[in-house]
Amino acid sequence: MSVNVAKNNISHKRVIVTDDGKKYEKPGFLRTMGAVAAAGAAGTAAQYGIQGLSSIPAMTAIKNKASMQSDIFKTAIDAAFEKSGLAQKGVKLVDAVSENSKMIEDTLEKNAPKWIKKFPVAKEALKRQFSIVREMLLDGKNAFFVPKANTILVNKDKMSFAAFHEMGHAMNKHFGAVSKSLQKMRIPFMFLSSIAILTAMFKRKKADGEQPKGWFDKTTTFIKNNAGKLAALGMLPTIAEEGLASIKAHKLAKGVLTADKLKMINKFNAKAWLSYVGMAAGLGVGAYVVSKVRDAIAKPKEIA
């Protein structure tokens, strides 16, 4: 069966009939692919633009970390670690220096999904990524708590001020059911952000008066209509867990640092936390832009 419109035959598969009897033509393949490409580009620009702006304070602080670096921090790390009780939980504090490169790589590998080892290409790509992360650690450009390895990695000479926050992450794992749950929820909820963005990109807009049919269509329509909110929501456990880590870092540092040094730690952690808030905002706005651009270019057209 086909519907003849303006001397053009339109397959019934491309015709939408709404509850009020109106007919719409679904966008064609080429228009849809063009819309997806444009939406992806616009959404990415919006997302990373916002994330970039929000990360400026933290990145600036890291670039100027020499002003924050002090032997006082380095000495205080061990005192704070002993105070935390993390050693009794089996947590290791590894100095990220070249002599410990093999230990760093082994620690990072423990946090990798087991399935990756079954795929040589993925395994090799991950190995290259670990090499990049290792260099960042050695250069004092980042620090990590690796949950599966129960290990904190930080260069004590170049980034000792970050050790307190990473101890906070370790404390989230070992002290507190809520904080431990938030830590476990980080990755699963990030998938929610990805699903929201992909749905916004590939799910077409419903025609006026068109109702979703079946559970899958209803679910994806809901995600499509709330893509921005859901994409931002995916970052909520991360924002909460990062905040708790900084609060615990403050409590640890309070007993081993002077007031001015404690203030420096708190300011840096606040700037770093802001970058996660910006990530959530970027994902939310990015998903919204993706949906709007996709719909503007490829949406059902009413058949006269």
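**Patch, helices and salt bridges in a predicted model**

Student: Which element gives the largest share of the nonpolar patch?
Tutor: The largest share of the nonpolar patch, three residues, comes from α1. Helices here are DSSP runs of H or I with at least four residues, strands are runs of E with at least two, and both are numbered from the N terminus. This is a predicted model, in which local features need pLDDT of at least 70 and side-chain atom pairs count only at pLDDT 80 or more, while totals for chains, interfaces and linings use all residues. Residues are numbered from 1 along each chain as its sequence is written, and side-chain values use heavy atoms, with hydrogens and water left out.

Student: OK, and which residues form that patch on the surface?
Tutor: Phe29, Leu30, Met33, Leu198 and Phe202 form it, and together they have about 580 Å² of accessible area. Two elements, α1 (29–63) and α6 (177–202), each give two or more residues to the patch. A patch takes residues with over 30% relative accessible area and no salt bridge, joining like charges within 9 Å and nonpolar side chains (Val, Leu, Ile, Met, Phe, Trp, Tyr) within 5 Å. The areas come from the Shrake-Rupley method with a 1.4 Å probe, and for residues only the protein chains shown count as cover.

Student: Take Leu30, then: buried or exposed?
Tutor: Leu30, which is found in helix α1, is exposed because its relative accessible area is 73%. The cut-offs are under 20% for buried and over 50% for exposed, with partly exposed in between (1.4 Å probe, protein chains only).

Student: Zooming out, what radius of gyration does the protein have?
Tutor: The protein has 25 Å, whereas a compact globule of 304 residues would have a value near 19 Å; the radius is taken over C-alpha atoms, and the globule rule is 2.2 Å times the number of residues to the power 0.38. Along its principal axes the C-alpha trace spans about 80 × 45 × 35 Å, and buried residues make up 44% of the 304. The protein contains ten helices and eight strands, and it exposes about 16600 Å², of which carbon and sulfur atoms supply 62%.

Student: How many residues of α5 are buried?
Tutor: Ten of the twelve residues in α5 are buried, so the helix is mostly covered; among them are Phe164, His165, Glu166 and His169. Helix α5 (residues 163–174) reaches 17 Å from its first C-alpha to its last, close to the 16 Å expected at 1.5 Å a residue, where the expected span is 1.5 Å times one less than the number of residues. After α5 comes Gly176, whose phi is positive, near 120°.

Student: Changing topic, how many salt bridges does the structure hold?
Tutor: It holds twelve, each being a side-chain nitrogen of Lys or Arg within 4 Å of a carboxyl oxygen of Asp or Glu. One of them joins the side chains of Asp157 and Lys74 at 2.5 Å, N to O. Asp157 lies in the loop between β7 (151–154) and α5 and Lys74 in helix α2 (residues 71–84), so this pair ties together parts that are 83 residues apart in sequence. Asp157 is partly exposed at 43% relative accessible area, and Lys74 is partly exposed at 32%.

Student: And what about Arg186, which residue does it form a salt bridge with?
Tutor: Its partner is Glu241, with the closest N and O atoms 2.6 Å apart. Arg186 in helix α6 and Glu241 in helix α9 (residues 236–254) are 55 residues apart, and the pair links distant parts of the chain. Arg186 is buried at 16% relative accessible area, and Glu241 is buried at 0%.

Student: What does Thr221 touch?
Tutor: Thr221, in helix α7 (residues 214–225), touches Lys203, Lys206 and Pro212, leaving aside residues up to four places away in sequence; contact means heavy atoms within 4.5 Å. Thr221 is buried, with a relative accessible area of 9%.
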